[in-house]
Every structure is written in C-alpha cells, then in structure tokens.
Amino acid sequence: QRYGDENVAQIATFGTLKAKQVAKDVARALGRSFADGNQLTKLIPADPKMTIKQAQENIKSASAELEKTTGETLQAIRTAFYGVVKAEYNLQYQSDLLTEVSAMYKRLKEEKAQKLIAEVDFLNAESQYYQAIFQADSSRNDLLSADLIFHQALNLDGEHKLPADLK
C-alpha cells in the first residue's frame, strides 16, 4: 500500500531437481533411511531423456531376466541336491557291499590257508575285494564332489554341513 500495486514486483526462484535427487528427498521426507533413498536411486536410470514407456520396457526386461536367472539357479540347486542324495545312496550301497565282500574275503582267506579252495578262486575273490574297496573310496570322493557342487550352488562355504536325510 505504501508504494502501490503497480510499483511492486514479485521475485520468484525456480529450481530444478533431477529424478535421483527427488527420490532421495522424498525418501527423507517420508522418514526413510539414507540407505533406502540410495537404494531407490539406484533403480532410476541415469539417462534423463528416458520415457516412461522405455522405463516400463526396461522393467519388463529386467523382470524376465530375473525370472530366468531364478529358474536357472533353482534348477542348479535341485540338480546339486539330487547329486548329493544319489552320492549318499551310492556310498551306502558300496559300504554295505564292501562289508559283505570283506566277510567273504576273510572266510575265503581262511579256506585258502586250509587249502580248501584253489589258488585261482582265491585270487579272483581277492580281486573282487580290492575292487569293492576301490568302489567304496570312489563313492566317498563322489559324495565330497557332489557336496562341493551343492555348496557352490547355494553360494555357501564348505564349513556348512548340509545333511541329506535318506530316510
């Protein structure tokens, strides 16, 4: 009123914010943590000329890639788990077989000492005994390999023992 409406000007300042800064400011205004704001800004593309349609296509593409990767990861974990189960069953079978062959080998060794069986038959049984030992050792190594692959599929170190219950 002192100078009159025609003699006074209004001053306005316009500032612009980029999308990433807006996201950080909104997160802060909503009481979210600084880390949440940063995580949100990582989802915003750096290209300022990106359209909403392009962003939606990028989201669809990223979602499809995530779904594909998730499926592949789950398949790798399933395959590795079944490999461990198979190796445990095989080790159990080979261990049982070794127990039986060991008992038979011990009996045949006594019979050989008493000259009740021919040398050729004993050598054949001895060969089968050593083959059973080799198979049991190979089964143990197969289980270790399968367990390592399973841990790698789960991205765990080898110190975590993951039991595969065969019952």
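Predicted model: local features only at pLDDT ≥ 70, side-chain atom pairs only at ≥ 80, totals over all residues.

At what angle do α1 and helix α2 (residues 34-42) pack, and how far apart are their axes? The angle is about 150 degrees and the axes are 9 Å apart, where axes are lines fitted to C-alpha atoms, for helices over the stretch in contact, and angles run from 0 to 180 degrees between N-to-C directions. That makes α1 roughly antiparallel to α2, a term kept for angles over 145 degrees. Helices here are DSSP runs of H or I with at least four residues, numbered from the N terminus. K20, A23, K24 and A27 in α1 meet G37, N38, L40 and T41 in α2, contact being heavy atoms within 4.5 Å. The residues of this contact divide into three nonpolar, three polar and two charged; Ala, Val, Leu, Ile, Met, Phe, Trp, Tyr, Cys and Pro count as nonpolar, Asp, Glu, Lys and Arg as charged, and the others, Gly among them, as polar.

Residues are numbered from 1 along each chain as its sequence is written, and side-chain values use heavy atoms, with hydrogens and water left out.

In the segment before α1 (19-29) one finds F14, which is exposed because its relative accessible area is 79%; exposed means over 50%, buried under 20% and partly exposed in between, with a 1.4 Å probe and protein chains only. The C-alpha atoms of F14 and A29 are separated by 20 Å, although the two residues are 15 apart along the chain.

Helix α3 (residues 52-113) has 62 residues and reaches 89 Å from its first C-alpha to its last, close to the 92 Å expected at 1.5 Å a residue, the expected span being 1.5 Å times one less than the number of residues. Its buried residues, among them A80, L91, Q94 and L108, pack against α4. Just after α3, K115 takes a positive phi of about 60 degrees.

Helix α4 (residues 119-154), with 36 residues, should span 52 Å, and its end C-alpha atoms are 52 Å apart, which agrees. Within helix α4 lies S139, which is buried, since its relative accessible area is 1%. Leaving aside neighbours within four places in sequence, S139 is in contact with N90, L91 and Q94. After α4 comes N155, whose phi is positive, near 60 degrees.

Terms used: Helix = DSSP H or I, 4+ residues; strand = E, 2+ residues; numbered from the N terminus. Parallel < 35°, antiparallel > 145°, perpendicular 65-115°, else oblique.
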